[in-house]
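Please look over the protein shown here before reading on.

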Amino acid sequence: MEGYVHLYTGNGKGKTTAAFGLALRALCAGKSVYVGQFVKSMKYNETAAEKVFGALEVEQFGSGCFIDRNPDGEDVRLARAGLEKCAALMKEGRYDVVILDEICIAVHFGLVSDNEVVAAISGRAPGVEVVMTGRYATQALADCADLVTDMREIKHYYTKGVLSRNGIDR
């Protein structure tokens, strides 16, 4: 069975949520899932799914958000190590689904190149499904995907000053 490449991008909410939804479907179908979260270092609520599903592994390759700072050498090192690990996992085919969460952000900030990401995906074992997420997807990432979804924000309660409701929308 062929493994497809998904890309969830755009300025709207729901990219990581969609990826975890696909992960849940795969896990309930008896598949194994690996989630490499680029840029992120905080344990979001969805990472707790590891405690429920033995066939799920979530690993983070980041030292924090770039909202109030520029990426540094440690950010580059972590992203490169993360992509290297994900490439090896995709190549060996140990996981049925590999999610590269926020990989587009890592590319956008120059932590890794889109050519490196495409090469990693191209080297995957047959049948490995790959999901990429994050704003600012490059054309090269879109071109290597079989499915591209652009999440477009039309309306969001954050614009009214509502903070994240921990456990629901983060």
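**Briefing on the model**

Arg77 is partly exposed, because its relative accessible area is 47%, and that class lies between buried, under 20% relative accessible area, and exposed, over 50%, as found with a 1.4 Å probe on protein chains only. This is a predicted model, in which local features need pLDDT of at least 70 and side-chain atom pairs count only at pLDDT 80 or more, while totals for chains, interfaces and linings use all residues. Residues are numbered from 1 along each chain as its sequence is written, and side-chain values use heavy atoms, with hydrogens and water left out.

**Salt bridges**

- A search of the whole structure finds six salt bridges, a salt bridge being a side-chain nitrogen of Lys or Arg within 4 Å of a carboxyl oxygen of Asp or Glu.
- Side chains of opposite charge can pair when their charged atoms come close.
- Arg77 forms one of these bridges with Glu74, and their closest N and O atoms are 2.8 Å apart.
- Both Arg77 and Glu74 belong to helix 2, where they stand three residues apart, about one turn of the helix; helices (H or I, at least four residues) and strands (E, at least two) are DSSP runs, numbered from the N terminus.
- Glu74 has a relative accessibility of 34%, so Glu74 counts as partly exposed.
- Lys85 forms a salt bridge with Glu59, with 2.7 Å between the closest N and O atoms.
- Because Lys85 lies in helix 2 (residues 73–92) and Glu59 in strand 3, this pair ties together parts that are 26 residues apart in sequence.
- Lys85 counts as partly exposed at 31% relative accessibility, and Glu59 is partly exposed with a relative accessible area of 23%.
- Glu102 forms a salt bridge with Lys40, the closest N and O atoms being 3.8 Å apart.
- Glu102 sits in the loop between strand 4 and helix 3 (103–108), and Lys40 in the loop between strand 2 and strand 3, so the pair ties together parts that are 62 residues apart in sequence.
- Glu102 and Lys40 are both buried, and a network of salt bridges links Lys40, Asp101 and Glu102.

**Helix 1**

- Helix 1 (residues 15–28) has 14 residues and reaches 20 Å from its first C-alpha to its last, close to the 20 Å expected at 1.5 Å a residue, where the expected span is 1.5 Å times one less than the number of residues.
- The buried residues of helix 1 are Lys15, Thr16, Ala19, Phe20, Leu22, Ala23, Ala26 and Leu27.
- Seen down the axis of helix 1, these buried residues fall within an arc of 155°, so they line one face of the helix; the arc is that of the directions from the helix axis to the C-beta atoms.
- On the other side of helix 1, Thr17, Arg25 and Cys28 are exposed.
- The cover over the buried residues of helix 1 includes strand 1 (5–9), strand 2 (33–38), strand 3 (56–61), strand 4 (97–101) and strand 5 (129–133).
- Gly30, whose phi is positive, near 85°, follows helix 1.

**Thr9**

- Thr9 has its place in strand 1, and Thr9 counts as buried because its relative accessibility is 10%.
- A polar atom of the Thr9 side chain lies 2.7 Å from the backbone oxygen of Gly134, and the side chain of Thr9 also reaches the backbone nitrogen of Ala137 at 3.3 Å.
- Leaving aside neighbours within four places in sequence, Thr9 is in contact (heavy atoms within 4.5 Å) with residues including Lys15, Tyr136, Thr149 and Asp150.

Note on methods:
A polar contact is a pair of N or O atoms within 3.5 Å; within protein, one must be able to donate a hydrogen and the other to accept it, and residues adjacent in sequence count only if both atoms are side-chain atoms.
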